[in-house]
Amino acid sequence: MKKQILVTGGTGYIGSHTVVELLNEGFEVIIVDNLSNSDISVLENIEKITGVKPAFEKLDLSEALQTENLFEKYRDIDAIIHFAAFKAVGESVEKPLDYYSNNLGSLLNLLSCMNKYKVSNVVFSSSCTVYGQPDKLPVTEETLRREAESPYGNTKKVCEDILQDSVAAYRNLKGIALRYFNPIGAHKSALIGELPVGIPINLVPFITQTAAGVRKELKVFGNDYATSDGSAIRDYINVVDLAKAHVVAVDRLINTNNKHDYEVFNLGTGRGLSVLELVETFQKVNDLKLNYSIVERREGDIEKIYADTTYANAELGWKATETLEDTLLSAWNWEKNVRNIK
Ligand code: UD1
């Protein structure tokens, strides 16, 4: 029988790519999303790519009753991948209560129902934001977490703790927290990708929207960091590579030989890239000129971070393989598709 995976936030950016990889690997998928930051049309596009239309439930996991009803309806869930969360750093500073009640509330409701309905396995979407600006690079899973820079970052940290404590307390529960570095790019079909509502906060959607003429100019935040060209450094990972790591994590949890209760993995490429290097590569591979200028640093940004992927590569048998060039091509192909640009 097919293993059944509940994917919360499954119509979102990373969620939709993960659903595609799960379906490709023969899992049965149930998507839960409240569509607060995604569009229902994603479902059809998942079907166009995979030939399968997953079950879909529109509901809010921060509502206990709705979550309970979900578990009443689906009694054979083998594992849950929990993406659904608010994720805008700036907004979280303005609306901390929204962030705490949504991000913590939905995890708490999920874990309570998992305990009650005997669902054992959960993968949680965490972020490298839990490391803050580390003293030593690259960061390993052993690198100490820092005090969060924003309520958003704190929700990731606290949710990791909630998961770890729950796994320790409830014997049947197993969990994996995946700490993402910077996911970018889109599926090669250009049928799914990152579709931010309003003005993009993240770098690559801002770049592609500028190239498409939706935004006038990209602002590069700071060129006075202690890096080779002065712009900040991140570890940009292809979203399909990232999605594949979730399939591996789910397999690991479901596998009865796995004796670990709670594990943490860094998901990155291991390569640090500056904002200006990324902009340069985007222009080159897509053969276009991007309108950009250098402005002040963005408040709350760190100077540089990139992953040590040794542990994840060895333990999961997983590695990011897509090139930066192909990834930036895919990002632009997706934007062109969205904007009907030939
Ligand atoms: C941020 C969060 C991260 C979160 C992610 C998803 C922190 C420290 N980081 O990552 O936890 O998971 O968003 O939303 O909380 N940049 C520009 N111009 C732009 C946009 C970005 O120069 O218009 C630069 C930024 O200054 C940064 C880099 O591009 O150096 C990447 O920025 P971004 O894509 O927003 O991701 P992070 O801030 O790294």
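So, let me start with the shell around the ligand: its residues split into 11 nonpolar, four polar and five charged. Nonpolar here means Ala, Val, Leu, Ile, Met, Phe, Trp, Tyr, Cys and Pro, charged means Asp, Glu, Lys and Arg, and the others, Gly among them, are polar.

Quick caveat: this is a predicted model, where local features need pLDDT of at least 70 and side-chain atom pairs count only at pLDDT 80 or more, while totals for chains, interfaces and linings use all residues. Residues are numbered from 1 along each chain as its sequence is written, and side-chain values use heavy atoms, with hydrogens and water left out.

Back to the ligand. Which of the 20 residues around the ligand come nearest? Those are Leu203, Lys219, Arg234, Arg298 and Asp301, where being around the ligand takes a heavy atom within 4 Å of it. Now the polar contacts, meaning pairs of N or O atoms within 3.5 Å. A ligand oxygen sits 2.5 Å from a side-chain N or O atom of Asp301, and for the side chain of Arg298 the distance from a ligand oxygen to an N or O atom is 2.8 Å. With Leu203, a polar backbone atom is 2.9 Å from an oxygen of the ligand. On its own the ligand has 750 Å² of accessible area, and the protein covers 89% of that; that's Shrake-Rupley with a 1.4 Å probe. Two elements give two or more residues to the shell, α7 (203-211) and β8 (218-221), and β8 gives the most, with four. Elements are DSSP runs numbered from the N terminus: helices are H or I, at least four residues, and strands are E, at least two.

Next, the sheet. Seven strands make an open, parallel sheet, ordered β3-β2-β1-β4-β5-β6-β11; pairing takes at least two DSSP bridges. β3 (55-58) and β11 (262-267) are the edges, each pairing on one side only. Helix α6 (151-169) lies across β5, β6 (174-180) and β11, at about 155 degrees to β5. Axes are lines fitted to C-alpha atoms, for helices over the stretch in contact (heavy atoms within 4.5 Å), with angles from 0 to 180 degrees between N-to-C directions.

Most residues other than glycine have a negative phi, and most peptide bonds are trans. Lys118, in the loop between α5 (96-117) and β5, has a positive phi of about 60 degrees. And Leu137 to Pro138 is a cis peptide bond, omega near -5 degrees, with Pro138 in the loop between β5 and α6.

How values were computed. Polar contact = N/O pair within 3.5 Å; in protein donor to acceptor, adjacent residues only side chain to side chain.
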